Number of protein chains: 2
Amino acid sequence: METLGYVAGILTTIAFVPQVIQIYKTKSAKDVSLAMFLLFTAGVVMWLVYGIKSNAFPVIAANAITLLLSLVILFFKFKYRKTV
Amino acid sequence: METLGYVAGILTTIAFVPQVIQIYKTKSAKDVSLAMFLLFTAGVVMWLVYGIKSNAFPVIAANAITLLLSLVILFFKFKYRKTV
């Protein structure tokens with residue numbers, strides 16, 4: 001049961017790695033929604049605070065990594081934005 | 001405390017709505033990573049099973065909606081793929 005939660009958390013966390021790699025390689029993030037990653041990053045920050053306040057290590061670990069990855073995606077989104 | 005978890009869950013769930021809208025409007029999902037959404041969808045399915053087995057209604061609700069949205073994004077990814 002706990003294992004299921006860990007595997008789920010690992011999957012939804014590492015999912016952002018291929019997105020980071022793809023944007024880095026293509027230098028293009030046009031189709032990636034800025035609003036999505038702003039909302040998502042805000043949510044992940046709140047999950048992190050929730051995890052810290054609840055002393056829930058898996059929640060803290062998963063969301064700390066997800067936060068880092070989504071911040072990289074947001075950074076890329078600005079770095080590779082093109083004036084249309 | 002519980003409220004914080006709910007707001008976090010709502011944010012990380014509704015985050016996918018602007019991504020769905022953007023792909024629908026632009027008919028382009030080139031920069032959206034297929035691997036990301038395959039991994040993410042697999043993870044969300046596991047969170048959903050975890051929520052059902054734990055009788056955790058907020059986990060079930062958030063992940064059911066996220067699953068639907070990420071399946072729509074995957075569907076769009078195939079529908080609007082272009083042969084490069």
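1. Along its sequence, chain A runs in the pattern α-α-α-α. Its secondary structure amounts to four helices and zero strands. The model is a predicted one. Taken along the principal axes, the box filled by the C-alpha atoms of chain A is roughly 45 × 20 × 15 Å.

2. Chain A carries a nonpolar patch on its surface, formed by Tyr6(A), Ile10(A), Ile14(A), Val17(A) and Ile21(A). Together these residues have about 430 Å² of accessible area. Helices H1 (2–14) and H2 of chain A each supply at least two residues of the patch. H1(A) gives the largest share, three residues. Ile10(A), one of the patch residues, has its place in helix H1 of chain A.

3. Tyr24(A) also deserves a look; this residue is found in helix H2 of chain A. What does Tyr24(A) contact, leaving aside its neighbours within four places in sequence? The partners are Phe76(A) and Tyr80(A). As for Leu11(A), 13 residues from Tyr24(A) along the chain, the C-alpha atoms of the two are separated by 21 Å.

4. Between the chains, helix H2 (residues 16–26) of chain A packs with helix H3 (residues 34–54) of chain B. The axes are 7 Å apart, and the angle is about 175 degrees. Angles over 145 degrees count as roughly antiparallel, so H2(A) is roughly antiparallel to H3(B). On the side of H2(A), the contact is made by Phe16(A), Pro18(A), Gln19(A) and Gln22(A). On the side of H3(B), Leu34(B), Ala35(B), Met36(B), Leu39(B) and Phe40(B) take part. By class, the residues of this contact of H2(A) with H3(B) are seven nonpolar, two polar and no charged.

5. Within chain B, consider helix H1 (residues 2–14) and helix H2 (residues 16–26). How do their axes lie? The axes of these two helices of chain B come within 5 Å and cross at roughly 10 degrees. The cut-off for roughly parallel is an angle under 35 degrees, and H1(B) and H2(B) are therefore roughly parallel to each other.

6. Which residues of H1(B) and H2(B) meet? From H1(B) come Thr12(B), Thr13(B) and Ile14(B), and from H2(B) come Phe16(B), Val17(B) and Pro18(B). The contact of H1(B) with H2(B) has four nonpolar residues, two polar ones and no charged ones.

Note on methods
Residues numbered from 1 in each chain as written. Chains lettered and ligands numbered in written order. Predicted model: local features only at pLDDT ≥ 70, side-chain atom pairs only at ≥ 80, totals over all residues. Heavy atoms only, no water. Axes fitted to C-alpha atoms, helices over the stretch in contact; angles between N-to-C directions. Parallel < 35°, antiparallel > 145°, perpendicular 65-115°, else oblique. Contact = heavy atoms within 4.5 Å. Nonpolar A, V, L, I, M, F, W, Y, C, P; charged D, E, K, R; others polar. Patch = residues over 30% accessible without salt bridge, like charges linked within 9 Å, V, L, I, M, F, W, Y side chains within 5 Å. Areas by Shrake-Rupley, 256 points an atom, 1.4 Å probe, with all protein chains shown as cover. Salt bridge = Lys/Arg side-chain N within 4 Å of Asp/Glu carboxyl O.
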